[in-house]
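Please consult the sequence and the model while reading.

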Amino acid sequence: MRFPEGFTWGVSTSSYQIEGAVKEGGRGTSIWDTFTQQDGRATGDEACDHYHRYAEDVALMADLGVDAYRFSVAWPRIQPEGTGPANPEGIAFYDRLVDALLARDIDPVLTLFHWDLPQALEDQGGWLNRDTAYRFAEYADLVGAALGDRVKLWITLNEPFIHMTLGYATGEHAPGHALLFGALPAAHHQLLGHGLAVQALRARTTSPISIANNYSPAWPQGGTDADLAAAATYHALHNRMFTDPLLGRGYPEIGLDEEVVKDGDLDIIASPIDFLGVNYYNPTGVQAPLPGAPLPFDLVALDGYPITDFGWPVVPDGLRDLLVGFLTEYGDALPPIYITESGCAYEGVDDPQRVAYLDSHVNAVKAAMAAGVDVRGYFVWSLLDNFEWAEGYTKRFGLVHVDFDTQVRTPKTSFSWYRDLIQASR
Ligand code: PNW
């Protein structure tokens, strides 16, 4: 089976991971600036210097032949303090970027929030504070007013599950809170912000609008009823919590405090979306917890698969299962899907393992489509090697190698492979 006419091939990045220039253009401080200034961590101060080199990066994408580019807007460039009118210099940067893309016939796909919250809002409690959802809708309105005529797909939030978990439950990411299940309100407030932002954007654009979730099939390791129950609980927390309410089904039973979810919130969160953004990396192995363990599941390694430099298993079947599982779980309520991130960390400019990874995952998408799943596009994470959050610059996800001393970009073997795939599928 060939990919249908109009299938979108793309690449993804995010603002804090590539832009640098953190003190330029009137940008305010984000939680990632604050978080990375601690104890000798790597920072995004320079990253890929994309803020200054965006024209070169757009030219690379034109060479690659992609149909679309998914990037994110840094909220602190638009509202340095998280509220108030739009900073014209911040808008101007994304204006230039969007126009450069359109001039090369590349569709701009814009994510409003990829984790770089204005520090001023964190000082008020960040996503633990319900008010942040309303601030997010105001910000969405400002960006919608500026770019609503040119952006081809809108994405409100990137991976609210990962942001809640690593940012608020374990503290591995900014803002660094380790609240375990106390982090759940940060999920609800993000989803509320998503719904309010969808409503704000509708008044500003006719383009499709959605969210990009991180999905990981929960694979029970061990066959006891307790193992299956633990996997079901993990599935509810990682996957269903961020999908059921969008599709009008409310929250699964995950222990979200009833005080947090106010009357009317679920209607706002269920504001219709036009597609579902799916970021997939790997399934999660789950077992029953040991007696007295703090969490209702135990996460275990999946044995018998190759692993990437990140230590993540390479499981293309997980992507096919995930997509086919959506159809089983949501049926007619399931909107069309875009794979908004798929990729892996490996060293080297010659990167046959990345080629093998991407080839097998593209084939998994094809298999899911043959089984009836409506997938409209596939975006590789990432165009460039970049600032990989808690891992700093040690994990390389790019189709293009970046030398972080000289900022020289070198297309990898996987870049040529992806260019050929795109050309062959036209
Ligand atoms: C995603 N995990 O993050 C993000 O959207 C990207 O910004 C990031 O660079 C990419 O995946 C690679 O990590 C994730 O621990 C971070 O399971 C952590 C996890 C998953 C996704």
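Q: Which residue meets D385 in a salt bridge?
A: This is a predicted model, in which local features need pLDDT of at least 70, side-chain atom pairs count only at pLDDT 80 or more, and totals for chains, interfaces and linings use all residues. Residues are numbered from 1 along each chain as its sequence is written, and side-chain values use heavy atoms, with hydrogens and water left out. A salt bridge is a side-chain nitrogen of Lys or Arg within 4 Å of a carboxyl oxygen of Asp or Glu. At 2.8 Å from N to O, the side chain of D385 meets that of K412.

Q: Are R27 and D33 buried or exposed?
A: The side chains of R27 and D33 form a salt bridge, 2.9 Å from N to O. Relative accessible area under 20% counts as buried, over 50% as exposed, and in between as partly exposed (1.4 Å probe, protein chains only). By this scale, both R27 and D33 are buried.

Q: What is the relative accessible area of D39?
A: D39 and R41 join their side chains in a salt bridge of 3.6 Å, N to O. R41 is partly exposed, at 34% relative accessible area. D39 is exposed, and its relative accessible area is 66%.

Q: How many salt bridges does the structure hold?
A: Side chains of opposite charge can pair when their charged atoms come close. The pair R27 and D33 is one example of a salt bridge. For the structure, the number of salt bridges is 24.

Q: How far from an oxygen atom of the ligand does a polar side-chain atom of E388 lie?
A: A polar contact here is a pair of N or O atoms within 3.5 Å. A side-chain N or O atom of Y281 lies 3.2 Å from a ligand oxygen, and a polar side-chain atom of W381 is also 3.2 Å from an oxygen atom of the ligand. For E388, the distance is 2.6 Å.

Q: How many residues of the shell around the ligand are charged?
A: Ala, Val, Leu, Ile, Met, Phe, Trp, Tyr, Cys and Pro count as nonpolar, Asp, Glu, Lys and Arg as charged, and the others, Gly among them, as polar. The shell has eight nonpolar and four polar residues, and the charged ones number three.

Technical notes:
Polar contact = N/O pair within 3.5 Å; in protein donor to acceptor, adjacent residues only side chain to side chain.
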